[in-house]
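I opened this model to go through its nonpolar cores, its salt bridges and its surface. My entries follow in the order I looked things up.

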Amino acid sequence: MSQHGDDEATAPSMVVTACRAAGCVLAVAPPVAQIALRVALAVPFYRSGLTKWDGFLQLSDSAVYLFEEEFKLHILGATIDYPLPALMAFLSGVAEIALPVLLVLGLGTRFAAFGLLAMTAIIQLTIPDGWANFHLPWAAMALALVAWGGGRFSLDHLAARSGLWPWRC
């Protein structure tokens, strides 16, 4: 057989090999991407939440101070104080710990991601200049998780497969 004939026989097998490799990547990429999205979104919120606590359900004075004195809502050109700043600091601190933990576990992923999306919108109103560097990527990650859920490697998926959830996650 000539050199040319060997090339013709090799070409289809290379295409088949490439297609198999692409199939493997396509099978692995979505669940790995969903894990990465869950962790990447959880980390900044969890780290922020840790700064708000001095102990178990003991809100730090600095967290309350920030909501009383520093943080302001910027709405339609007006600067507005946070209503009930101590309560807002407490709710923010609880959400910044609980929602990231749920995300990493993949439990109530869509709920947790939607909660962090809502927090991102409030943070945007508080710090309008952070949109391009922080808020836009957080919003994009949260929207992706709301749309596609926690993925195959999540407690949501396990609960759905075992019949604990009546809906598809």
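**Core entries**

I started at Leu41. Setting aside neighbours within four places in sequence, Leu41 is in contact with Leu103, Leu116, Trp138, Met141, Ala142 and Leu145; contact means heavy atoms within 4.5 Å. I noted the basis next: this is a predicted model, where local features need pLDDT of at least 70, side-chain atom pairs count only at pLDDT 80 or more, and totals for chains, interfaces and linings use all residues. Residues are numbered from 1 along each chain as its sequence is written, and side-chain values use heavy atoms, with hydrogens and water left out.

Buried means under 20% relative accessible area, exposed over 50%, and partly exposed in between (1.4 Å probe, protein chains only). The core has 17 residues, and Leu41, Phe45, Leu99, Leu103, Leu116, Met119 and Trp138 touch the most other members. H1, H3, H4 and helix H5 (131–148) each give two or more residues to this core. H4 gives the most, with six. Helices here are DSSP runs (H or I, at least four residues) and strands likewise (E, at least two), numbered from the N terminus. Another core lies apart from this one; it has eight residues, among them Trp53, Leu59, Ala63 and Leu73.

**Salt bridge entries**

I took a salt bridge as a side-chain nitrogen of Lys or Arg within 4 Å of a carboxyl oxygen of Asp or Glu. The count is two. In one, Glu96 meets Lys52 at 2.7 Å, N to O. This pair links distant parts of the chain, 44 residues apart: Glu96 is in helix H3, and Lys52 is in the loop between H1 and strand E1 (53–55). Are these two buried or exposed? Glu96 is buried at 5% relative accessible area, and Lys52 is buried at 9%.

Lys72 pairs with Asp81, with the closest N and O atoms 2.7 Å apart. Lys72 is buried at 18%, whereas Asp81 is partly exposed at 49%.

**Surface entry**

Which residues make the nonpolar surface patch? I found Tyr46, Leu50, Val101, Leu105, Leu107, Leu155 and Leu158, over about 570 Å². Patch residues have over 30% relative accessible area and no salt bridge, with nonpolar side chains (Val, Leu, Ile, Met, Phe, Trp, Tyr) joined within 5 Å and like charges within 9 Å. Areas come from the Shrake-Rupley method with a 1.4 Å probe; for residues, only the protein chains shown count as cover. Helices H1 (3–50), H3 (85–105) and H6 (155–162) each give two or more residues to the patch. Leu107 lies in the loop between H3 and helix H4 (109–126).

Key. A nonpolar core is a set of buried Ala, Val, Leu, Ile, Met, Phe, Trp, Tyr and Cys residues joined through side-chain atoms within 4.5 Å.
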